[in-house]
Amino acid sequence: MSLRASRIPRRRTVSAALLALSLALIVPGSAQAGPAPAAGPAPAAEPAAAAVTFNDDFNGAAGSAPDSSKWQIETGDNVSNHERQYYTAGNRNAALDGQGHLVITARKENPAGYQCWYGTCEYTSARLNTSGRFTTTYGRVEARIKVPRGQGMWPAFWMLGNDIGSVGWPASGEIDVMENVGFEPSTVHGTLHGPGYSGSGGIGAAYTLPGGQVFADDFHTFAVDWAPDSVTWSVDGNVYQRRTPADLGGNAWVFNKPFFLILNLAVGGYWPGDPDGSTTFPQQLVVDYVRVTSDDGSGSGGTGPVTGLAGKCLDVAGANSANGTAVQLWDCNNTAAQQWTRASDGTLRALGKCLDVRENGTADGTPVQLWDCNDRPNQQWVVTGARDIVNPQADKCLDVTGNNAANGTPAQIWTCAGTANQKWTV
């Protein structure tokens, strides 16, 4: 969702199932390196694989409805944003194409005399959610999607706090993974909504394709990497924003709890405007897959090496567990000094201690070290789909100093640049 002043709280829920839950307003530098570990070379341990906690590849016969064990289909209209569509039941506007895709189709029609907030409905479309079927707290939430085109089109992939039935919106929180409005064919938006920053006051940013490319021309992967006190957005692996409680101006961070998923294609409304004579119908939102991964199903991971530049490993110098020991690059050797655990509290741990930004620094070139775990922000790390390891407080990436692949090169934080010395495999 954009930060346009014209926005109002997003979407009013419309399914009977969600109404039963009382859903009301829903608005869609260098550290000194110590001696190298003494152990000889050995095969590197395999890192723990990410656990897929939700996956839908939309395989099935052409014309069949989405898997009802994963998705429920909402019905009705939406007065809160003055959208023009009526969301229909069954497979009329949401169906598999037989080629591994979900197709949500918006049509200019009214085959059953549907009534909308403005009178007789002019359009039909579909909206699906996983409420009551699947929720997640943290992990990577992604979908590969081809959006529709045209004035008035408003596709979205987003999430709502599962407690919306008891606390209402925006206290429930909303994470918009991707929204596109038809008059911006090259741009998508990612946004947070919560108490004090909802509707047009949502906290977010936009991503624009280079060279005048248009999102409707091809599939793109839209994702958030979600950790305690941090949400990071990417398009096709390109990170374009990170948000933490520090971005909320003192308002409550409501994103450390379960959320469910939503896919929909709206037609018209305050933000995109209504279709006009240039808009052709039908229009389709085509979804290749929706997937949620979490290292062990709870946002944490197993123990294994973290590999980076030149295939070398992130290493605790001298296998020394003392506070302040430098963390460096070294040939992978399967020693304890190279075994890191990605913990559910957002820390990276080795030898019983945490990867720490020295003296709580945020400047480029601040070294990283080993230190007692202390729940401070300089020990928080987000591993993105683009293979960056980011300290959200500094908004900087874990970096091999000077792009130097020599053994003993210290690690530091540096402004994220997408370079090879900032890419890691956890």
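Predicted model: local features only at pLDDT ≥ 70, side-chain atom pairs only at ≥ 80, totals over all residues.

Trainee: How many salt bridges does the count come to?
Mentor: The count comes to 16 salt bridges.

Trainee: Which residue does Arg140 form a salt bridge with?
Mentor: Arg140 forms a salt bridge with Asp225, and their closest N and O atoms are 2.8 Å apart. This pair links distant parts of the chain, since Arg140 is in strand β10 (residues 139–146) and Asp225 is in strand β15 (residues 220–227), 85 residues apart.

Trainee: Is Asp225 buried or exposed?
Mentor: Asp225 is buried because its relative accessible area is 6%, below the 20% cut-off for that class. Arg140 is also buried, with a relative accessible area of 15%.

Trainee: And what about Lys312, which residue does it form a salt bridge with?
Mentor: Lys312 forms a salt bridge with Asp331, where the closest N and O atoms are 3.5 Å apart. Lys312 lies in the loop between β20 (303–304) and β21 (313–316), while Asp331 lies in the loop between β22 (327–330) and β23 (340–342), so the pair ties together parts that are 19 residues apart in sequence. Lys312 counts as buried at 15% relative accessibility, whereas Asp331 counts as partly exposed at 37%.

Trainee: How far apart are the closest N and O atoms of Lys396 and Asp364?
Mentor: They are 3.9 Å apart in that salt bridge. Lys396 belongs to strand β29 (residues 396–400) and Asp364 to the loop between β25 (353–357) and β26 (368–371), so parts that are 32 residues apart in sequence are tied together by the pair. At 14% relative accessibility Lys396 counts as buried, and at 35% Asp364 counts as partly exposed. Elsewhere, salt bridges that share partners join Arg84, Glu122 and Asp274 into one network.

Trainee: What is phi of Ala310 near?
Mentor: Phi of Ala310 is near 60°, which is a positive value in a residue other than glycine. Ala310 lies in the loop between β20 and β21 and is exposed, with a relative accessible area of 62%.

Trainee: And Glu359, where is that found?
Mentor: Glu359 is found in the loop between β25 and β26, with a positive phi near 55°, and is exposed at a relative accessible area of 73%.

Definitions and conventions. Residues numbered from 1 in each chain as written. Heavy atoms only, no water. Salt bridge = Lys/Arg side-chain N within 4 Å of Asp/Glu carboxyl O. Helix = DSSP H or I, 4+ residues; strand = E, 2+ residues; numbered from the N terminus. Buried < 20%, exposed > 50% of the residue type's maximum accessible area, 1.4 Å probe, protein only.
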